[in-house]
Each structure stands twice: as C-alpha cells, then as structure tokens.
Amino acid sequence: MIEMVLCDLCKKRKAVIKIRYAGLNLCKECLSKFVEQKVMLSLKRTGVLGKLSGKYLIIALSGGKDSINATYIMHKLSQEYDFKMKAVFVDEGIGEYSKQRRAIVMDLCKKLGIEYRIVSMKEEMGISTPEAVNILVKSRNSIKPCSVCGVFRRYLLNKVALDENADYVVTGHNLDDEVQTFIMSLIRGDIRSIAREACSLGYENDVPKLVSRIKPLYLVYERESLVYFITHGFKRISLSCPYARFSMRYVIREMINDLEYRRPGMKYRILALKERLGKDIRETVLSSVEMRHCKICGMPSSRDICRACELKELLVKLSQNY
Ligand code: SF4
Ligand code: ZN
C-alpha cells in the first residue's frame, strides 16, 4: 500500500509536491501560498509593489503554464493594488501549436475578465517563425529558430507596450529560465547580457522607449510553477513547440536539472551568483554602452540597427540568394 504523505505546513492535507531544497512536502493550498508569497517577495524586492497603484500593465500571455500563472496571480493582485492590465498574445504562426495556445489565451482572458490583444508576427514583422526557419534551413544558416522568434517576440511586446502607453511589461519567466539565460550568457562570454540581465529583479530601466519589465515568477522554480498550474486546473495544450529542441536552452535546461537533482538548491545558488555578479559589474560594463535608437525603426538599441531589424534584413537577403 502506498503511504499518503501529509503536508509539512498544515499537517492535514495530502502533499502534492516535495520541495527538496527546503525539505518540505506541501499540499495544494500550501503550495499556492508558497508560490504567491514568492511573487510578493519579488515584487517587494524590486520596489515595484508600492508603485503599482494606478499603473497600466501589459502581460505577455503565451498560453504556456508560466504566463498563465503570472496572469492569474497578477489579476488577483490587481484589485488590491489598484492597477489595470491587458494580456498580449504574440502569434508566431507555428501551425496548431500557435492556434491552440491562442484559443487557451482567449478562453482564460474571457474567464478572468481581462482585456486581450492578439499580435500577428507575420503582419508586424513581415514574416512568421516557420517562414524564417525555412529560409535559415534552405540557406544553411546556423541561427537557431528561437534566436529569431525570441527577438521578434520581445520586440513586439515592447512595441505594443509603447503603443498602449503601458507602464510595465509583465512576463512569466521563472527561476529556471533566469538561471538558463545566465548560463547561456556565460557560455557565450556575453558580459553585457550578464550585466543587463543579472539585476533584472531589482532594476528599472530609464532608457527612452524601453518599457520596464516585471517578472512575478522570478523566484519560483519551474517545477513549483508546473504543480501550481496543474492543481489550479488550468487548461494546457498537449503540443510543444517543434523548434524548442534546436535551442541551446534545451541542453542547458537538462544540465541544470541534473545538477539540481544531485545538489538540491543549486538553482537558487546560481541565481544568487547572477544577482551578485550583476550588481558588481553593472556600472562598469553598462556605462561604456551607449543606448541609442535604431536607425530603421527607432526602437532602443545599443547599436545603429537593432537586432530585430538586423534579423529582418538578413532573412530578406538570405531568401534572395537561394
Ligand atoms: Fe519561438 Fe523558440 Fe518559443 Fe518556439 S520555443 S515559440 S521557436 S521562442
Ligand atoms: Zn530596429
């Protein structure tokens, strides 16, 4: 017979998750509080919680578990802290995968009573993710699908936030995402990205036309986010993005999960290092980077032409050469 494990906090209900780094078994209700307390902690640490009253937030809702959790939790906070929010779904045009997530986004927004806006990558950038991948494959270019799709998505979110006159963009990045991004920057030797991203919890940018970001799940492990999502009964799609496995992030993710399994709490320690390092190098590294505006689209960029415009131009060039 399988023994039922009780929650270590309430000592009453059945545990649904074991949090190894904290040595805790938690039931659905106590996990909910645990995750939501972490959200409050990250909003307080950034100082953003006290500034939310009267603000307008754009929430990047992709239809995945993390953005759904972030939307749900921020929506719960919106009344108490008196802010407005609108969800934005960027449709990458990845067949059934994008279609199903779009349906989930619309359904969730209707249920919660949140306004939403759908933005088509094809219409806004002139190309969908599969079309971009097709060009890259045919021209044997080594740029990975996520490197194009991710840049275009970030670009569009900022553009929509500016268009909507929003004060913040909320994203569903969890602790695992942050750790993976940090390791990827280390591997690439991308010191600027480390300086920029390292303090992403406690940094509001003052760059004109770059809307500041809020990451409510910054301190939440991916596994905690997944169990929160499942136990809240949110709808999920059965498909994964067909291009995800080509990304470096995929490899790093497996590696870090293995490390966490061997040494529980490892992800937290890497995140702490990222924060510490960021604070130490930020002034020196970023003071030498002059932020300007893209000569083509006018969006913020550290170079004459922003990465999104650069990629668009490259894709046009590549498509003319085969
Ligand atoms: Fe785009 Fe990569 Fe995400 Fe797929 S996994 S939607 S290609 S960023
Ligand atoms: Zn540009």
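Where is the place of N165? The views below start there. This is a predicted model, in which local features need pLDDT of at least 70 and side-chain atom pairs count only at pLDDT 80 or more, while totals for chains, interfaces and linings use all residues. Residues are numbered from 1 along each chain as its sequence is written, and chains are lettered from A and ligands numbered from 1 in the order in which they are written.

**View 1. N165 in its loop.** N165 sits in the loop between helix 6 and strand 6 (168–170); helices (H or I, at least four residues) and strands (E, at least two) are DSSP runs, numbered from the N terminus. Its phi is positive, about 60°, although N165 is not a glycine. N165 counts as exposed, with 9 C-beta neighbours inside 10 Å (exposed means 12 or fewer other C-beta atoms within 10 Å of a residue's own, with C-beta atoms placed from the backbone).

**View 2. R140 in its loop.** Look between helix 5 (129–138) and helix 6 (145–163) to find R140. R140 is not a glycine either, yet has a positive phi of about 55°. R140 is exposed, with 8 other C-beta atoms within 10 Å.

**View 3. Strand 4 beside strand 5.** Strand 4 (residues 84–91) and strand 5 (residues 115–120) run parallel, joined by six bridges; strands pair if DSSP finds at least two bridges between them. Here F89 faces I118 of strand 5.

**View 4. The surroundings of ligand 1.** Among the residues around ligand 1 are E92, T129, C146 and Y243 (a residue is near a molecule if its C-beta atom, placed from the backbone, lies within 6 Å of it). Helix 6 gives the largest share of this shell, four residues.

Notes:
A residue is buried if 20 or more other C-beta atoms lie within 10 Å of its own, exposed if 12 or fewer, and partly exposed in between; C-beta atoms are placed from the backbone.
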